[in-house]
Amino acid sequence: MDFVQRLETLEQRLAFTRAEVLAAQTESREQLRQRIETTQSEIERSAIESQQHADEVRAGGGSVWAQMKADAAAMRADVRATFEERTQNMDAQAATAEADWAETGAQDALDYAEWAAYNAELAMLDAIDARSYAQELGGGQELTRTTR
């Protein structure tokens, strides 16, 4: 597997996310609503693909990471429900409490992403080591190496 290519794709996704967040900070609520709906659609598409992959992996013995990704997709329903509730009328105090909750949720998601990045690094290093060991023993495929 070409881990470097996957990391480059992830870097591009993070750069896109950063640009989206920067742009969103100056948009109207209607523009934000459209941006949220677009992102939710992308998440739903990704969740379907993740669930299909998790089902395939489970059928072949299972991967904890594939299952975690599929489980995380369930979070989108909670976010969507909260977003829909927010569009109902609420007073300033309730809106402030909702904003506090949303900011805490965003911070938790960022913490989870950081944790996932460390775990992805460990999983890639372990995979490289496992492939290297298999080669030492005379089996396995060649390591996929990307040099620059």
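Author: A salt bridge is a side-chain nitrogen of Lys or Arg within 4 Å of a carboxyl oxygen of Asp or Glu. The structure discussed here is a predicted model, in which local features need pLDDT of at least 70 and side-chain atom pairs count only at pLDDT 80 or more, while totals for chains, interfaces and linings use all residues. Residues are numbered from 1 along each chain as its sequence is written, and side-chain values use heavy atoms, with hydrogens and water left out.

Reader: How many helices and how many strands does the protein have?

Author: Helices (H or I, at least four residues) and strands (E, at least two) are DSSP runs, numbered from the N terminus. Read from the N terminus, the elements run α-α-α-α-α. The count is therefore five helices and zero strands.

Reader: What share of the residues in the protein is buried?

Author: A residue is buried under 20% relative accessible area, exposed over 50%, and partly exposed in between (1.4 Å probe, protein chains only). The protein has 148 residues, and the buried share of them is 11%.

Reader: Of the contacts between residues at least 6 apart in sequence, what share joins residues at least 24 apart?

Author: A contact means heavy atoms within 4.5 Å. Among contacts between residues at least 6 apart in sequence, the share that joins residues at least 24 apart is 48%.

Reader: What percentage of the accessible surface belongs to carbon and sulfur atoms?

Author: Accessible areas come from the Shrake-Rupley method with a 1.4 Å probe, and for residues only the protein chains shown count as cover. The accessible surface of the protein comes to about 11,600 Å², and the part belonging to carbon and sulfur atoms is 55%.

Reader: Which residues make a nonpolar surface patch of about 280 Å²?

Author: Patches consist of residues with over 30% relative accessible area and no salt bridge; like charges are joined within 9 Å, and nonpolar side chains (Val, Leu, Ile, Met, Phe, Trp, Tyr) within 5 Å. One member, Leu14, belongs to helix H1 (residues 3-24). Leu14 has a relative accessible area of 55%, so Leu14 is exposed. The patch of about 280 Å² is made by Leu7, Leu10 and Leu14.

Reader: Arg33 forms a salt bridge with which residue?

Author: The two partners both lie in helix H2, four residues apart, about one turn of the helix. Arg33 is partly exposed at 23% relative accessibility, and Glu37 is partly exposed at 28%. The closest N and O atoms are 3.3 Å apart in the salt bridge between Arg33 and Glu37.

Reader: Which residues do salt bridges that share partners join into one network?

Author: Arg35 forms a salt bridge with Glu27, with the closest N and O atoms 2.3 Å apart. The side chains of Arg35 and Glu20 also meet in a salt bridge (2.5 Å, N to O); Glu20 lies in helix H1 and Arg35 in helix H2 (residues 29-59), so this pair ties together parts that are 15 residues apart in sequence. Glu20 is partly exposed at 23% relative accessibility, whereas Arg35 is buried at 18%. The network joins Glu20, Glu27 and Arg35.

Reader: What is the angle between the planes of Tyr112 and Trp115?

Author: Rings of Phe, Tyr and Trp (its six-membered ring) pair if their centres lie within 6.5 Å; planes under 30 degrees apart count as stacked, over 60 as edge-to-face and the rest as tilted. Tyr112 and Trp115 both lie in helix H5 (residues 92-136), three residues apart. Tyr112 is partly exposed at 40% relative accessible area, and Trp115 is partly exposed at 39%. The pair is tilted, with 5.4 Å centre to centre and an angle between the planes of 35°.
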